[in-house]
Amino acid sequence: MKFKTTGIALTVALLLPAAAFAQGKYPAKPLRLILPFAAGSAVDVLGRLYAQRMSESWGQQVIVDNRVGANGIIGMEAIARAPADGYSIGMGNIATLTINPGLYPKLPYDSLRDFIPVSLTATIGNCLIVHPSLPVKSVQELVALAKKRPGELIYASGGVGSAQHIPMELLQAMTGTRLMHIAYKGITPAFNDVMAGQVLMAVTGIAQSLPYHRNGRLRMLGTTGVKRAQATPDVPTIAEQGVPGYEADSWTGVLLPRGTPPEIVAQLQAEVVRITNLPETKERLTAAGFETVGSSSDAFAALIKNDLARLGKVIRDANIRAE
């Protein structure tokens with residue numbers, strides 16, 4: 001009898017999240033939004049905006065929980081291990097979901113198994129910049145020069161396997177070129193050395209580079225998206241310049257722990273899309289260098305699966321390992 005009572009109690013406990021939703025009580029208490037990166041990062045900027053809007057809409061506070069460290073691994077593990085009751089939400093990005101699995105032989109989470117993709121919130125436009133002393137004005141000219149001087153042209157990144165490193169490895173793989181990589185401890189010192197002409201080129205965020213492109217201190221050769229960025233309609237994509245299929249924008253989306261009731265997933269997905277489509281959200285994020293999306297759960301899941309394969313191949317072929 002004791003065993004039966006325990007079984008009944010367990011069954012009731014498992015049904016509580018769905019029952020609460022059916023009674024129209026979700027969310028009935030404060031929620032937690034787990035972010036794998038520090039305050040001020042792109043993921044944090046997005047997360048705090050969505051947390052504020054959800055708090056206003058739901059009448060329940062959404063508390064931001066920055067779980068920082070190990071290239072986002074600590075935060076992603078926290079999301080994966082959180083209760084699947086709809087009260088622990090997470091945000092993941094291209095690095096944590098599709099690059100880390102190729103860099104680290106053992107991760108405490110599985111990008112496809114441990115999460116429910118809710119919605120892709122936004123992409124973050126990147127661009128290829130060069131110092132004006134480099135005598136090239138297009139991607140085609142850069143590729144031609146790199147083929148004449150294999151292994152001599154130097155580019156900077158914010159670290160091995162970073163959002164600046166992988167796009168340059170992808171460019172080399174797709175153009176048959178060979179460049180020299182210098183990994184810095186963060187994008188800021190790398191960017192500063194490109195500005196100073198100590199290093200010739202880098203992939204950086206459009207928002208970071210645009211002011212210097214406009215005043216001539218840097219030259220933006222191309223952007224990394226599938227279409228031209230809203231902020232730089234006069235700058236062609238890298239794909240337009242003889243590298244068809246090239247794509248290396250960053251992206252960020254909302255996740256839930258695997259096992260969260262589908263009714264809650266659907267409600268959160270609708271709320272994320274609603275917030276994304278608000279005019280004030282679009283205006284604020286566009287000004288910060290983002291391009292808003294607001295996708296279905298299936299579309300976000302397909303993106304994760306595709307980039308795991310696509311970027312995983314780049315990492316394997318270039319034999320990149322986390323430091």
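This is a predicted model: local features need pLDDT of at least 70, side-chain atom pairs count only at pLDDT 80 or more; totals for chains, interfaces and linings use all residues.
Strand β3 spans residues 88–93, and since six of its six residues are buried, the strand is largely enclosed by the rest of the structure.

Let us turn to the partners of this strand. Strand β1, residues 31–35, pairs with β3 in the parallel sense, over three bridges. Within that pairing, S88 in β3 has R32 opposite it. Strand β10, residues 250–257, also pairs with β3, but here the sense is antiparallel and there are four bridges. In this case G90 stands opposite L255 of β10.

Rolling a probe the size of a water molecule over the atoms shows where empty space is left. The largest pocket holds about 1,100 Å³ of space. It is lined by 46 residues, and those closest to its centre are F37, S162, A163, Q164 and I187. How does the lining divide by class? There are 24 nonpolar residues, 20 polar ones and two charged ones.

The second largest pocket contains about 330 Å³ of space. Its lining consists of 21 residues, of which T123, G225, V226, E247 and D249 are the closest to the centre. At least two lining residues come from each of β4, β11 and α11, and the largest share, three residues, is that of α11. The classes are represented here by seven nonpolar, seven polar and seven charged residues.

Next, let us consider helix α7, residues 187–195, in which A190, F191, V194 and M195 are buried. Viewed down the helix axis, these buried residues fall within an arc of 140°, so they line one face of α7. Against what do they pack? Their packing partners are β5, β6, β8 and α8. After the helix comes G197, which has a positive phi, near 80°.

A122 is located in strand β4. Is this residue buried or exposed? Its relative accessibility is 0%, and A122 therefore counts as buried, the limit being under 20%. Beyond its neighbours within four places in sequence, A122 is in contact with L46, S250, W251, T252, F290, E291, T292 and V293.

The second residue, Q241, lies in the loop between β9 and β10. With a relative accessible area of 7%, Q241 is likewise buried. Setting aside neighbours within four places in sequence, its contacts are S138, V139, Q140, L221, G222 and P236. By way of comparison in distance, Q241 and D307 are separated by 66 residues in sequence and, from C-alpha to C-alpha, by 22 Å in space.

Thank you for your attention.

Technical notes
Residues are numbered from 1 along each chain as its sequence is written. Side-chain values use heavy atoms; hydrogens and water are left out. Buried means under 20% relative accessible area, exposed over 50%, partly exposed in between (1.4 Å probe, protein chains only). Two strands pair if DSSP finds at least two bridges between them. On a 1 Å grid over the protein atoms alone, a cavity is a set of points where a 1.4 Å probe fits but cannot get out, and a pocket is an open set with protein on both sides within 12 Å along at least five of seven lines; lining residues have an atom within 4 Å of a point. Grid points are joined across faces, edges and corners, and a volume is the space filled by probe spheres set on the points. Ala, Val, Leu, Ile, Met, Phe, Trp, Tyr, Cys and Pro count as nonpolar, Asp, Glu, Lys and Arg as charged, and the others, Gly among them, as polar. The arc is that of the directions from the helix axis to the C-beta atoms. Contact means heavy atoms within 4.5 Å.
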